[in-house]
Amino acid sequence: MEHANLTSRLACAGLCLLGILATAGCSTYAQRIRPAHEQFYQDRLDTAAEELATYMARHPGDADAAAMDLAMVQLLDGRPAEAEQTLRGVRDNLDAYEQADAVESGLSMLTDDQRLAYAGENYERVLARVFLALANLLHDGQDAEAYSLQINAKQAELLQQVEDEEKEQAAVAYAPLAIAPYLRGVIREATFANYDDASRAYHQVVSWQPGFQAGAEDLARAQSGVHSRPGHGVLYVFALVNRGPSKQETLEIPSTAALLIADRILSATSRYDVTPTLAPIKVPRVFVPPREVDALTVVVDNQTRGRTETICDVAELALRQEEIELPKAVARAVVRRAVKKAAIYATKNVVEASEPWADLALSAVGVAWEATEAADTRCWGLLPREIQVVRVELPAGRHDVQLLPLLTSRVSVAGPSISVDIADGRNTYLLACFPGPRAVGQVIQRTQ
Amino acid sequence: MDRRTFLSFVGSLAGATCTGLLVGCRGHQFGHVIQGGQPDLVGSHAAGAEVFNPLVEEAVAKLLERNCVVYQEVTYQGAEELPAPRSICFVGVENKSIEELGDFKDQIYQQIDTLLVQSQVFQPISRRMMDAALRETRLRPDALLIPENMRMFAGVLEQQGQPLHFLLYATITSGTTVRNASEQRDYLLTLEMINVQTGAYDKQSAEISKGYHKTRAGKFLHYNPLKSLS
């Protein structure tokens, strides 16, 4: 009897210690990465890059999620080659971590999903390729077409992996993205020899995103026109507009309530108490901040020449894919709870915690253990809400280009102004980022 | 519910679910070099190397065979003198098939161009020169057949020291026959060579047919040897 009591106390002490250790790491990624994001949105790109690099060194498990943010900082800081290199590494890691690992999955059942190697959300894997294409286009353009082909190849691969019963919903969530053929069309058209490819690509853009008004004009030009008139070149302005989707921890109340009722029923009919579900189940949900900017007005040499249109709605993509992925995250969280409750119950059984204080102590440890869970909010937090584009044909030579954000209140405010060199018969690309009314980072420029 | 029943219930529930979630370890992706004699992978949904490689080889071989005979001349002085290779501008590969060529288009272009260079029957004009000429003239490749455009294009190439004798177009087309869950797709690569001076043209093509089936039995049902005997 004396021996049993000792065992019981030792087990309790051990579990308490485990609980305390686990509690130490229960903050979420979203909370930890916030200072770096704030630096970015305040246009302090150097500080943001330093903070992200430090964070990646301190938290290797979150390094890929933070690296995607770092790539955005590098891109908008005028270092597209570095951004491309960073994103290439992330793309390969995310692809490798797509496959589940038994040991990691087991550990995550004892702690939470933050213990899993970060495989990224499906939309992030696709968007990594979109941004690789953009970064390459703004660097040397050699691989931009290859990346553009990889975008929808990845979407198709993700659709194939979906279970049969989810196919209908997944067909919408993993629908091909119009930005992929658009980029391909832009590149092929500028070769002057591949109008058939450009035409096919723009045809896809028009079919997949009928709301993109410029698509019809692009298609008509590729079918029967030419890239540009003699002595003219083309300016493409890509704009990363509004703050994009990020993940935040939310409480899954219905599952928590259901589990609480279930464990109360089991407790009433069992010898020992099942750990009560006092700590709510936490799951990550996609959160999209409200829009502030509608579009960018492009003013060339004091003349309005066009307005950007959305070619890729990042927020919509993330929300569509979340509809498919959320039930899986909730299921994982519920299973984790069941595993933890079973472990505590088994411990009570082994140590024969018949004394009320021991039963209570183990239940308290169980509650603390469950409360240490945090939702896996690792994500690409610096994504824009929309990628917009406008095409402007201009005479070859130097031009003064102004980008004026048009706010959702239909008020146009001042924006950055840069000098752009247009080459005869060639494309020139600009990239600007407007997470709000004020631009962040540089306006990046490259002539093909 | 007694303790053992409860424990076995919770244990089996957690165990079964965890097994479902945990099966498998993270693997690695591997690559290997395909040796010369090994067959190409056969694309399950679209044409790939197994279709395009033989199509290119056959169509180019036919074109070269015919033109090699035409331009072989013998002088009456007794010594055999081969004519200088005629310059040819390979304008590009046009995809008019139902499938996306993706990264295969440039591959096909380079394969055809390389075979032309190696044959020494023609002297191909560099693609970079052709692209520059198209950019300068702002002509679409399909507009080159209009005599005025062709003269303008040839003029630009001549300025660059590249006289132009022939234009070559490659076109990929497909035809699909559907029978229930099976499809037969015929792929045709056509090479069309136009004499810039006379407007005369030569055409060679190669064809490969492929079957696509939703089930393994599909191939046997539609293409088994017994069926052809009956």
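1. Two strands pair if DSSP finds at least two bridges between them, and the elements themselves are DSSP runs numbered from the N terminus, helices being H or I of at least four residues and strands E of at least two. The strands involved are β4 (residues 293–300) and β8 (residues 397–407) of chain A, which run antiparallel and are joined by seven bridges.

2. Before going further, a word on the source. This is a predicted model, where local features need pLDDT of at least 70, side-chain atom pairs count only at pLDDT 80 or more, and totals for chains, interfaces and linings use all residues. Residues are numbered from 1 along each chain as its sequence is written, while chains are lettered from A and ligands numbered from 1 in the order in which they are written.

3. β4(A) also pairs with β5 (residues 303–307) of chain A, again antiparallel, through four bridges. Here A:V298 finds its bridge partner in A:G306 of β5(A). The hairpin of β4(A) and β5(A) has two residues between the strands, and A:D301 takes a positive phi near 45°.

4. Chain A overall: 15 helices and 11 strands, with a C-alpha trace spanning about 100 × 45 × 40 Å along its principal axes. Of its 448 residues, 49% count as buried (20 or more other C-beta atoms within 10 Å of a residue's own, with C-beta atoms placed from the backbone).

5. On to the cores, meaning sets of buried Ala, Val, Leu, Ile, Met, Phe, Trp, Tyr and Cys residues joined through C-beta atoms within 7 Å. The largest nonpolar core has 98 residues, and A:I179, A:V237 and A:L430 touch the most other members. Leaving out residues up to four places away in sequence, A:V237 touches A:L296, A:V298, A:T308, A:V389, A:V390, A:L403 and A:L430. A second, separate core of 45 residues includes B:F52, B:V56, B:F153 and B:L189.

6. Last, a helix pair. The axes (lines fitted to C-alpha atoms over the stretch in contact, with angles from 0 to 180 degrees between N-to-C directions) of α10 (residues 179–189) and α11 (residues 195–208) of chain A come within 8 Å and cross at roughly 155°. So α10(A) is roughly antiparallel to α11(A) (over 145 degrees). Among the residues making the contact are A:P181 and A:Y182 of α10(A) and A:A198 and A:A201 of α11(A).

Technical notes
A residue is buried if 20 or more other C-beta atoms lie within 10 Å of its own, exposed if 12 or fewer, and partly exposed in between; C-beta atoms are placed from the backbone. Two residues are in contact if their C-beta atoms, placed from the backbone, lie within 7 Å. Angles under 35 degrees count as roughly parallel, over 145 as roughly antiparallel, 65 to 115 as roughly perpendicular and the rest as oblique.
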